[in-house]
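Reader: I'd like a close look at one helix packing. Keep it brisk, please.

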Amino acid sequence: MAVIETNPNHEISHERRIDWRSPWTMFWVGLLVRVLYITIARSYHFRAFADHFEFGWEMGRIARALALGRGYADPFVDNTGPTAWNPPLYPLILAGVFKLFGAYTTLSGWVILSINSVFSAATIPAIYEIARRCYGRERNGASVAQWSGWLWALYPAAMQYAVRWVWEMTLTTLLFAWVLVIALRMRGVDGDARNTLKYWLLFGLLWGGVALSNPSPLLFLPVCGLWILFGSKDRVAAFRGAVLAAVVFFSCLTPWAIRNWRVFHAFIPIRGNLGAELYAGNGPGSTGFPWGGTLPIVDGGPRIAEYRSMGEVRFVKMRDEMAKAYIRSHPAHFVKISLKRVYFYWIGVPHPDQAHPAGEYVREINFSFLTFSGLLGAWLSWRRRIPATGLFLWAFLLLPISYYFVTPGARFRHPLEPLIAILSVYLFQAAEKSWRVRWFARS
């Protein structure tokens with residue numbers, strides 16, 4: 001029997017190198033950059049204006065009421081009663097932070113923005129997988145996935161809502177991006193189709209999370225489900241899975257809807273503020289800009305007294321009727337400001353209080369550049385028959401619709417920005433250099 005002798009003085013070193021192409025490396029770098037920014041820039045110090053209203057706005061107020069044991073209530077000021085103004089998912093997260101670290105404290109601000117940063121960074125692996133699955137067979141497919149991931153990890157515009165806003169955008173964007181990943185896996189884009197009951201269950205859970213975070217993307221849900229269903233080889237099994245996903249989805253919404261029925265004696269499946277927002281966006285004096293002059297925001301204002309005396313359901317119903325009556329009597333005005341909101345959604349909402357006009361121009365150029373590069377990337381992908389491009393185009397069509405008719409805002413585009421990042425990277429990766437740049441040459 002041979003004996004192998006080892007030299008105890010001989011050291012074997014194992015060199016560990018960071019894989020900069022890994023989406024999880026991108027995740028950790030992206031998270032570190034975001035948390036460092038929050039800490040160094042002290043963005044967690046929110047103004048105390050209007051009793052800390054800018055610390056989460058309505059969601060922050062609801063979270064404070066929850067943390068203080070008053071229930072899901074008081075979205076604007078204290079003692080205005082129960083509410084369904086916002087979906088419950090993000091306010092419940094805020095309430096947990098307030099319960100542990102105090103309502104409106106600087107520590108709570110740092111923790112909440114750090115949680116947002118986790119949501120934002122966790123979107124990176126989803127972006128990477130979407131790009132890899134859709135463009136993996138292209139000449140620069142691996143590069144598209146890597147550059148898309150790093151763009152989201154390090155580009156300031158991609159992280160702004162994580163490091164400065166106490167709102168649900170990063171959570172909604174995370175959930176929506178992973179919905180797309182699950183859809184691509186189930187359809188079998190660049191791999192075996194995973195059209196199993198497990199994935200349909202996950203599909204329903206993710207959409208339930210989207211609904212309870214921000215219901216606006218739900219217009220895309222039927223298209224996404226049908227895209228998977230009709231792309232399945234075994235449609236009978238896929239139909240059973242779709243039924244399971246529907247049951248799971250509605251099970252996520254049912255406790256909240258039951259709570260609303262018991263509290264308000266009205267069917268409010270997700271949120272109950274549409275009528276008030278519709279009047280604020282389209283009533284007398286509306287210009288297409290987001291504003292809250294007719295909303296019950298400021299304590300002591302006439303809207304607060306009206307909101308408190310009528311209760312939320314009656315107040316919203318009254319505003320809904322007023323909005324519809326005004327739209328019927330001023331149809332040209334409604335069309336005009338709706339078209340303005342389309343422009344604002346894709347080009348950028350002007351900031352009248354911008355300190356210098358040059359800053360406004362730079363902001364809008366940056367915002368609109370990504371819009372055009374993303375749309376051109378989608379067109380190029382469509383021409384080159386990249387898998388799932390049609391699904392992405394439906395997302396571009398459906399996700400903004402509610403904002404066109406109610407209120408615009410740069411942050412409302414955020415759930416689409418992972419796709420915009422991927423499509424923009426593909427546009428430039430696909431450019432062919434010769435004596436002229438042929439942007440739309442066929443491969």
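Which residues in α4 meet which residues in α5?

Author: First, the ground rules. This is a predicted model, in which local features need pLDDT of at least 70, side-chain atom pairs count only at pLDDT 80 or more, and totals for chains, interfaces and linings use all residues. Residues are numbered from 1 along each chain as its sequence is written, and side-chain values use heavy atoms, with hydrogens and water left out.

Now the contact (heavy atoms within 4.5 Å). From α4 come Tyr-90, Ile-93, Leu-94, Val-97, Phe-98 and Phe-101. They meet Leu-107, Ser-108, Val-111, Ile-112, Ile-115, Asn-116 and Phe-119 in α5. By class, these residues are eleven nonpolar, two polar and no charged. Here Ala, Val, Leu, Ile, Met, Phe, Trp, Tyr, Cys and Pro count as nonpolar, Asp, Glu, Lys and Arg as charged, and the others, Gly among them, as polar.

Next, the geometry. Two packed helices are described by the angle between their axes and the distance between the axes. Helix α4 covers residues 89-101 and helix α5 covers residues 106-135. Helices are DSSP runs (H or I, at least four residues), numbered from the N terminus. The angle between α4 and α5 is about 140 degrees, and their axes lie 9 Å apart. α4 is therefore oblique to α5. Axes are lines fitted to C-alpha atoms over the stretch in contact, and angles run from 0 to 180 degrees between N-to-C directions. Angles under 35 degrees count as roughly parallel, over 145 as roughly antiparallel, 65 to 115 as roughly perpendicular and the rest as oblique. The crossing of α4 past α5 is right-handed. That term applies if the near helix is turned clockwise from the far one by less than a right angle.

α5 has another partner, helix α7 (residues 156-164). The axes of α5 and α7 come within 7 Å and cross at roughly 150 degrees. That angle makes α5 roughly antiparallel to α7. On the α5 side, Leu-113, Asn-116, Ser-117 and Ser-120 take part. Their partners in α7 are Ala-158, Tyr-161, Ala-162, Val-163 and Arg-164. This contact has five nonpolar residues, three polar and one charged. Asn-116 of α5 meets α4 and also meets α7.

One more pair, for comparison. Helix α17 (residues 389-398) and helix α19 (residues 417-429) cross at roughly 130 degrees, with axes that come within 11 Å. So α17 is oblique to α19. Phe-392, Ala-395 and Phe-396 of α17 make the contact with Leu-419, Ile-420 and Leu-423 of α19. Those residues are six nonpolar, no polar and no charged.

Conventions
Helices (H or I, at least four residues) and strands (E, at least two) are DSSP runs, numbered from the N terminus.
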